[in-house]
Amino acid sequence: MDKNVKICIIGGGPAGLSAGMYLEKKGYFNYEILERLDRVGGKCWSPTYNGRRYEMGAIMGVPSYYAVHDVEEFCGITHDGPKLNRNYKNKDGKVIEPFEPKKNILKIPRLLKMKKQVKKLGELLETKYKGYDVNGHRGVSEGRYEGFSQVNAKREPVSGVNPNLKDLCLPFNEFCKLNGVELTQDIWIGPYTSFGYGYFDEIPAAYVLKYLDFQTTMNFVKVNLWTWKNGTQYIWEQLNAHLKNPAVLNSKIEKIERKDGKVFVTVNGAVKEYDKLIVTAPLFIPGTRADGQKGFVEYCDVREDEKELFSKIDYERYDVLAVETKPEDHPEISYYVFDNMAKERLGHLMVYYRRWKDTKDQVITTYALRKHKDTAEVPYEKCRAMVLDDLKTMHNPASNVINEWSVYYFPHVFSKDYTAGWYEKVEAMQDKYNTFYAGEIMSFGDMDETAEYSRELIERFF
Ligand SMILES: Cc1cc2nc3c(=O)[nH]c(=O)nc-3n(C[C@H](O)[C@H](O)[C@H](O)COP(=O)(O)OP(=O)(O)OC[C@H]3O[C@@H](n4cnc5c(N)ncnc54)[C@H](O)[C@@H]3O)c2cc1C
């Protein structure tokens with residue numbers, strides 16, 4: 001592509017900013033990033049409290065976050081945050097150690113069986129499901145893999161035919177059953193459901209396993225994780241500061257028209273002309289949102305094929321509260337509440353995070369899901385009240401809520417549409433209307449997968 005091509009990137013989160021970085025690395029400098037808010041980082045939002053930054057969005061990474069590492073290198077920063085640690089409670093607030101055989105004598109046979117199944121799944125992923133862990137979803141529903149290997153930082157291009165990959169279209173619980181590894185869900189659920197990515201009976205295995213590939217899951221088990229002292233938002237603030245063209249904040253996009261081989265974007269009342277568009281903002285938002293956020297289909301002249309496909313997208317209602325506690329009520333560590341990760345306990349507190357261990361003058365953040373595809377959504381206020389009640393049950397009552405949000409999170413499609421080739425169809429539309437689709441929906445809802453997808457997109461098309 002001509003290096004002077006004028007590119008508009010919508011969204012100044014990890015996907016949009018890293019698209020800018022990878023474009024620069026390939027010699028494209030004629031790009032502009034439009035961000036609707038007055039800050040960059042998107043769901044990496046790290047406000048300050050008593051002089052320190054806490055996390056309302058993304059918290060951690062793993063050593064295989066190669067794209068995030070590219071950003072760190074580009075900016076000369078590193079993951080220098082507090083070490084993560086956690087313990088477990090049941091729904092009644094009692095501390096438990098679910099994986100410690102000595103504390104669960106009656107459960108020893110189940111724990112041993114689970115260990116065997118984890119090993120088995122690891123082997124199956126390497127053999128039967130070879131190619132499962134490339135970034136993005138190209139080819140999966142057709143029994144192919146195509147992309148860049150995530151085994152090491154080199155990220156070599158890989159492709160091949162593997163009909164078994166079609167199994168990844170199944171909901172994760174069915175995938176586990178098919179392979180006789182049901183008990184592995186006890187391990188995968190911690191960094192999956194409590195991190196707001198939905199329930200195993202509704203989410204296709206492809207999402208679960210591309211994010212929680214075997215290596216990543218073992219890093220979670222061993223708590224071999226990265227954090228950033230100034231928060232995950234700092235990564236993206238730094239990247240923005242190092243880009244030739246930092247994001248244009250407070251960009252209110254009113255209209256996009258793609259005609260005569262050009263892209264016309266009406267932003268803050270003025271029409272701007274570009275050659276290409278990269279969309280990292282939400283493509284479709286079912287229903288209306290309290291924050292007034294709109295999907296791409298609402299402000300762009302989308303064609304029938306785009307409208308048809310994007311209308312299949314759903315997202316998670318994942319709520320975060322930042323709370324103060326009295327010093328004597330402060331938890332000694334972060335806690336996972338496995339009982340509350342069952343869909344029957346929708347809206348309850350699944351995990352709460354104590355970020356700073358050396359002081360009690362910092363906030364605690366809480367996390368809850370309030371939607372399952374087959375169940376009525378728990379209203380926001382009800383969920384908020386349930387979480388605050390749960391904190392009392394956990395013996396860590398909040399004295400005050402200082403920040404909260406229910407963000408547009410983890411857009412995805414369900415098994416029916418995944419199986420019917422949703423990703424193949426959308427990938428085939430890349431550049432059809434001078435438009436490229438990137439961000440969470442095209443890969444997965446974490447910092448690295450989205451940045452990695454931007455890398456791949458630039459590699460493939462520019
Ligand atoms: C509570 C929570 C915990 C998380 N924990 C982790 C974690 O531990 N590790 C991890 O890796 N990831 C985590 N994530 C996920 C991670 O933050 C996201 O996957 C990542 O930020 C996605 O990047 P993105 O650029 O695709 O989207 P976003 O971060 O959502 O960025 C999109 C940007 O587009 C902007 N935008 C939207 N609409 C428009 C428009 N019309 N015009 C212009 N701009 C627009 C938004 O304001 C935003 O800045 C977490 C997220 C949340 C909410």
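In helix 2, the residues Tyr66, Ala67, Val68 and Asp70 meet Met447, Asp448, Ala451, Glu452 and Arg455 of helix 14, where contact means heavy atoms within 4.5 Å. By class, this contact of helix 2 with helix 14 has five nonpolar, four charged and no polar residues; Ala, Val, Leu, Ile, Met, Phe, Trp, Tyr, Cys and Pro count as nonpolar, Asp, Glu, Lys and Arg as charged, and the others, Gly among them, as polar. Helices (H or I, at least four residues) and strands (E, at least two) are DSSP runs, numbered from the N terminus.

The model is predicted: local features need pLDDT of at least 70 and side-chain atom pairs count only at pLDDT 80 or more, while totals for chains, interfaces and linings use all residues. Residues are numbered from 1 along each chain as its sequence is written, and side-chain values use heavy atoms, with hydrogens and water left out.

Next come the aromatic rings. The whole structure holds 37 aromatic pairs, counted for rings of Phe, Tyr and Trp (its six-membered ring) with centres within 6.5 Å; planes under 30 degrees apart count as stacked, over 60 as edge-to-face and the rest as tilted. Trp188 and Phe214 form a tilted pair, 6.3 Å centre to centre with 40 degrees between the planes. This pair links helix 5 (residues 185-188) to helix 7 (residues 214-221), with its members 26 residues apart. Trp188 is buried, at a relative accessible area of 0%, whereas Phe214 is partly exposed, at 23%; buried means under 20%, exposed over 50% and partly exposed in between (1.4 Å probe, protein chains only). Tyr207 and Phe410 pair edge-to-face, 5.4 Å centre to centre and 90 degrees between the planes. Tyr207 lies in helix 6 (residues 205-211) and Phe410 in strand 17 (residues 400-412), 203 residues apart. Both Tyr207 and Phe410 are buried.

Finally, Gly81 is in the loop between helix 2 and strand 5 (86-89). Gly81 is partly exposed, with a relative accessible area of 28%. Leaving aside neighbours within four places in sequence, Gly81 is in contact with Thr227, Trp228 and Lys229.
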